[in-house]
Amino acid sequence: MGNIHSSGSARTVSRSILCGHTQLRSHQLANERLWSRRSIVSTSTGASASHLQSRPSRIHLSTHHYHASSSLKQHSSRIGAEPGIDSAAHGSHVERHMVNASVDSRINVVDFSDEHMEQDIVPPRSLQQFLDERPTPAWAKCRWIHVNGLDLDVIKLLGRHKRLHRLAIEDVFDQRTPTKVDWYQDHCFMVMPMQKLLHNEDYQRVPEDQRAENPLWCSPYNMGHSQSENNHNRRHAWRTLAHETLGISTEQVSIFLTADNTVITLFERSGDDVLNPILERLESAQSVVRTSNDPSMLVQAVIDAVVDLAMPIAQAAADTFAELELAVLRSPNIAQSKHLYILRSALTHFNDNMISTGGLLRTICDHHSAAPRPNNSDVAAVESTKTQPHSAATAISPTTRVYLQDVQDHITALFTSTREQIRATENLTNLIFNTIAASQNESVRKLTLLSSFFLPLTFLTGYFGMNFDMPGVNDNSDAVFWWIATPVMLIAVLFLGPKPRWVRSLEWRRTRLKRSRRSFDPNERL
């Protein structure tokens, strides 16, 4: 700030205040920025005219908006939101990382006891009417509601009918849910991965650019979906086991065991692979599931079927490794290392899922009468937990624990064999690179030997090819060159080339003789 002198007695004092740039950056919104700049200039009036004229105040505002991506906006919109999916509310939000919640569901309802069994195929639109008009019969010891295909409306309807916890309903649709078991007031909730072997018959239909983009996946389930859905489902739906031949399909399985002896199983797409064999067992009156009248035994049957679907994967991986091992021993090349990497990656993914499933079984077997978490969706149920003990209907029976331990043995066998195959693939990969490196070293050795052979000739050629007179060279023929070059080449090959076998044998005998003399010489010992 300074003083501005004007003519006469008039004096004008001007003050200027300049506000600097203000820039707001948000790390969470990444690309959204706000830049503003304000300039405010104020002048004071004087008593008389001056060469410095005052100007009216102006405000200059310039704003540039950089919009964030839609995925970040969708993620930020859920920050601080109520957790879970309320089955009583309409239009619940489903995140992008969750499975498609608009798939048509196929619903089977099975009522059974040790004396009788009934099965009904219920359309999704008629489920509400069926549950209202056809409650669990008095003769039935267990009701099994099997849903293949996750429809949000169907799951919410079951949640309202059975008072399922809102967190459990959210975990049904969330593919990032870890393998676990949660105990609530009147039901327990289990989540586990299901893996099965698939023959990749549709691989040839995939465009070449997609094959080159990611050779680890190629799933018939991804065909016909949008690009955003494919980008997310690549890791979860399919894993290539053998290049262009076999693959591992992975999906999430959710199981509810309620206090009224109802078992609800929810599958993404492969529920028929579990439903059909269990229905065959239920049709037999002598099966353990029928004679036990225990809903937890049905849960064990579902888990056992899921684990049995993973058995062919280990056998297929062993056969694939045997073929690769034979090919590597015959003619190793770099392309085989890519196939081994794909196999090892698939086996690692498979083994991780088996480990998590084994942890789930140990948790179920170790559970006895621990107090569950209350169902917060019902205030009366929360208050009743203060006076009512935990219902024994949601507990796992001792008979079920015995059969679950047998399933645990199968998982342990799969884990052991898979771990050995992973180590074998790593060793076979190292063998490929070591063999190729040894072959390259042998080629370099041969080139070095050839260079050593021609090195004296090169030196002598340069020496005798000099453009000036040398005594004894011009007076003789080219025979002098060969008389000199031949012994020099032999001496160079003898000293620079590989030693003959008889020379190595003599050196070995000499070394052995020296060691024997040292062992019998007392002075050498001291």
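**A walk from the surface to the core**

Let's begin in helix α12 (residues 398-464), where Phe-454 is found; helices here are DSSP runs of H or I with at least four residues, numbered from the N terminus. This is a predicted model, in which local features need pLDDT of at least 70 and side-chain atom pairs count only at pLDDT 80 or more, while totals for chains, interfaces and linings use all residues. Residues are numbered from 1 along each chain as its sequence is written, and side-chain values use heavy atoms, leaving out hydrogens and water.

Now let's go inside. A nonpolar core is a set of buried Ala, Val, Leu, Ile, Met, Phe, Trp, Tyr and Cys residues joined through side-chain atoms within 4.5 Å. In the largest one, with 60 residues, Trp-144, Val-274 and Ile-303 touch the most other members. Helix α9 (residues 295-330) contributes the most to this core, giving 17 residues. A second, separate core has 26 residues, including Ile-85, Leu-150, Val-154 and Val-172. In soluble globular proteins, nonpolar side chains tend to be buried together.

Which residues does Val-274 contact, leaving aside its neighbours within four places in sequence? They are Met-194, Phe-267, Val-302, Ala-305, Val-306 and Leu-309, where contact means heavy atoms within 4.5 Å.

Our last stop is Ser-287, in the loop between α7 (272-283) and α8 (288-292). Ser-287 is buried, at 11% relative accessible area. A polar atom of the Ser-287 side chain lies 2.7 Å from the backbone oxygen of Arg-281.

Notes: Buried means under 20% relative accessible area, exposed over 50%, partly exposed in between (1.4 Å probe, protein chains only). Helices (H or I, at least four residues) and strands (E, at least two) are DSSP runs, numbered from the N terminus. A polar contact is a pair of N or O atoms within 3.5 Å; within protein, one must be able to donate a hydrogen and the other to accept it, and residues adjacent in sequence count only if both atoms are side-chain atoms.
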